[in-house]
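Take a look at the structure below. The text after it walks through the chain step by step.

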Amino acid sequence: MKEKEEQSKRQTEPVYSKTYTVEPAEGNGQQELPLTLLAKRILEVATLHAESWGVGL
């Protein structure tokens, strides 16, 4: 039972995080982030996460 609790705890802990500030020029009039910029940020975080594990380029 203790093993399951430890595994459950590991699954809920964040593995990697990065905080961004969205500049006013990056959003549109409806305060939305363009999909292209969102995709770029997601790929950047994925790359940084992989590098932190030593498997990035």
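**A charge over a ring**

The charged end of Lys18 sits over the ring of Tyr20, 5.3 Å from the ring centre. To count as such a contact, NZ of Lys or CZ of Arg must be within 6 Å of the ring centre and within 35 degrees of the ring normal. What about aromatic pairs? A search of the whole structure finds 0 of them. Such a pair would need rings of Phe, Tyr or Trp (its six-membered ring) with centres within 6.5 Å.

A word on the source. This is a predicted model, in which local features need pLDDT of at least 70 and side-chain atom pairs count only at pLDDT 80 or more, while totals for chains, interfaces and linings use all residues. Residues are numbered from 1 along each chain as its sequence is written, and side-chain values use heavy atoms, with hydrogens and water left out.

Now the overall plan. The protein chain has 2 helices and 0 strands. Both are DSSP runs, numbered from the N terminus: helices are H or I with at least four residues, strands are E with at least two. Helix H1 covers 2-12 and helix H2 covers 35-52, with a loop between them. Take H2 and check its length. It has 18 residues, so at 1.5 Å a residue it should span 26 Å, and its end C-alpha atoms are 26 Å apart, which agrees. The expected span is 1.5 Å times one less than the number of residues. Just after H2, Gly54 takes a positive phi of about 80°.

Next, the loop between H1 and H2. Gln31 is found there. Gln31 has a positive phi of about 60°, although it is not a glycine. Is Gln31 buried or exposed? Gln31 counts as exposed because its relative accessibility is 76%. The cut-offs are these: buried is under 20% relative accessible area, exposed is over 50%, and partly exposed is in between (1.4 Å probe, protein chains only). Val15 is also found in this loop, and at 53% it counts as exposed. The C-alpha atoms of Val15 and Ser52 are separated by 9.8 Å, although the two are 37 residues apart along the chain.

Which residue forms a salt bridge with Glu26? The partner is Arg41, and the closest N and O atoms are 2.9 Å apart. Glu26 lies in the loop and Arg41 in helix H2, so the pair ties together parts that are 15 residues apart in sequence. A salt bridge needs a side-chain nitrogen of Lys or Arg within 4 Å of a carboxyl oxygen of Asp or Glu. By this rule the count comes to 1. Glu26 is partly exposed at 24% relative accessibility, whereas Arg41 is buried at 14%.

Finally, the surface. Buried residues make up 4% of the 57 residues in the protein chain. Val22, Leu33, Leu35, Leu38 and Ile42 make a nonpolar surface patch of about 450 Å². Patch residues have over 30% relative accessible area and no salt bridge; like charges are joined within 9 Å, and nonpolar side chains (Val, Leu, Ile, Met, Phe, Trp, Tyr) within 5 Å.

Terms used
Areas by Shrake-Rupley, 256 points an atom, 1.4 Å probe, with all protein chains shown as cover. Phe/Tyr/Trp six-rings, centres within 6.5 Å; stacked < 30°, edge-to-face > 60°.
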